[in-house]
Every structure is written in structure tokens, then in C-alpha cells.
Amino acid sequence: LMFVFYNAFLPGLGDASTVGRLSGKGWALGYLGGLLCLVVCLGFVGKGFGPWLPTDDGLNIRATNLVVAAWLLLFGLPMFLWVKDRSSPPKQSVAAPWSGAVRQVLRTIRSLRRYPDLLRLLVARLFFNDALVAIMALSALYMVETIKMSGEDIILTGIWLNVVAGLGAYAFGHVDDRIGAKTTLVWSLFFLIGGVALAMARPDRTSFLIAATLIGLGMGPNQSSSRTLMVRFIVPQRSGEFFGLFELSGKASIWISPLLFSLIRDFGGSQRQAMIPLLVMFGIGLFVVLFIDEKRGSQEMVSSPEST
């Protein structure tokens, strides 16, 4: 829910020639924050550097949740205090926003057939974001059971992943503005597919570090360029409703890959075999993205009477 409103600010912050860099910098700073938070958490679970709390009943590990909660509060405050909403919503009755919102959501969903490239992006994201979320959710389990890595190694790998993803988001943000968000998104999916394939093929620490690097290089630009492409397909006055659909497309199917992973593993398959659904989901997403026309899609909404 938070990201619906956060992303809805982006169309009003720059034009089509700079939005890629803005989106990339936003994700890069997010990864920097995640990196610093992981470094703090390392002090709770690491050896030598920590742990800073007793390890009985996993207290030191459970306490990292409190670190994350405090981190969100601390770094969320500047936006709440100082960022101003540039739009001025029309005055409505108290009941109107809720009843009107439901009707508007249904109208927006029905209108998607008039914006085929926007619809393709949302459909593609149903698949590739499902696999991306699954990587974030399952990678620690894969590192423990298949690669035999320690908790400290997992956090160190997570730190490295944040570094690479942040650098990738920042660098490809500039590439996005030069060659387009679609091309950047395609390249990000190639990196992700290559990283998952390598992690499956060679389950050793060195190969997994290379795989994590490829995944990081794909993860940052994937999140940044898909958001940029969305901005180029919508008009600023409708950013809230369409970024609501954007988040829906990113969340509606995120149970599929983890479920398939669990079923394959629990019914006799190895974790390596259970990674196959992630490759399939990335592949389907890539296939759909290839049929997106970024230039045409950027004109579909602007030329629509609904944009006024």
C-alpha cells in the first residue's frame, strides 16, 4: 500500500527524459538504506562483530525485526514532515471517496483494453515480479540447505546483493533515459535468468556469489525500469489509480513460485529442481515484455479522452 502512494509521486518529479534517472536513484538510495540496515543487523547475528544480544531462543535474531521497524520510522519521518503533495484533490463528501473509489477501480480495469501496451506490462509483471519476490523470500533457505552457508554468510551475501542492486539501479537509470525502459527491463530479465540458472547449475559458494551478482545487477534495474515504463504509459493526474494496479500486478501472483518451489521440494525434488518455476516465470515475463511498444504505449494514454 505504501508503494502505491510513493510511486505516484514520480510522474510529477520529472519529465520523460529524466524519469529513468530519478527512478534509478530512488531505488539506489533504497538499496543503500537496506545495506546500512543489514550492517547494523550483522552486529546482532555475526561472529566477532557480534552478537550484541543473548542468543537464547534466538533473541538476537528476532531483535532484528525491531531494528527494521525503527529504521522505517526514522527514515520515513522526513517525507511525512517535509514532502508536499503538488496535486490539489477536488473537495468531496466524506462518503464519496470510498464509494467513488470502488466504481473508479472497476472503470479503470475495464479501460485497460484500450491501452494494450500498459496491459502487457501489468501482465508481464504478474510473472517476473512473482519470481523476483520468490528469490528474495527463498534465497536464504537455498543458501542454508543447498550451499551450506552460515547465518553470517547469508547476511554478508545480502549486503553484497544490496550493493550490486543499488549500483545497477543507479547506472541503468541513466541507460533507461538513453535507450528506453523496455530495453533496460529486457536486459534486467536476462541478468536474472542467468543468475538463477547459474545458482541451479553450480551449487557452490563461488558460483553462487557470481549468481548473486548477476541477480543483483538484474534486480535493481528490473524494479526501477518497470516503474519508469509505467510512468511513461500514464498521465500524472491518474498516477494513483494506475500505480494501484501496478502494485496489484506485482502482488497478485507472488504466492505461485513459492508454492511450486515447496511442492517440488516436498515431493522428492531437490531445491535445485525447485528453482525451475522461477526460471519459467521469468521467461514468461520476458516473452510478454518483448511485445511491448514503449513509444506507442506512451501515446495511448495521452491521446485518450480519459486523460482529461
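Guide: Aspartate 117 counts as buried, because its relative accessibility is 0%; buried means under 20% relative accessible area, exposed over 50%, and partly exposed in between (1.4 Å probe, protein chains only). This is a predicted model, in which local features need pLDDT of at least 70, side-chain atom pairs count only at pLDDT 80 or more, and totals for chains, interfaces and linings use all residues. Residues are numbered from 1 along each chain as its sequence is written, and side-chain values use heavy atoms, with hydrogens and water left out.

Visitor: Which residue meets aspartate 117 in a salt bridge?

Guide: A salt bridge is a side-chain nitrogen of Lys or Arg within 4 Å of a carboxyl oxygen of Asp or Glu. Here the partner of aspartate 117 is arginine 296, at 2.7 Å from N to O. The pair links helix α6 (residues 116-145) to helix α14 (residues 294-302), 179 residues apart; helices are DSSP runs (H or I, at least four residues), numbered from the N terminus. Arginine 296 is partly exposed, with a relative accessible area of 40%.

Visitor: How many salt bridges does the structure hold, and which residues are linked in a network?

Guide: The structure holds 11 salt bridges. The network links Arg21, Asp176, Asp177, Arg232 and Glu294. Within it, arginine 232 and glutamate 294 have their closest N and O atoms 3.1 Å apart. Arginine 232 lies in helix α9 and glutamate 294 in helix α14, so this pair ties together parts 62 residues apart in sequence. Both arginine 232 and glutamate 294 are buried.

Methods:
Helices (H or I, at least four residues) and strands (E, at least two) are DSSP runs, numbered from the N terminus.
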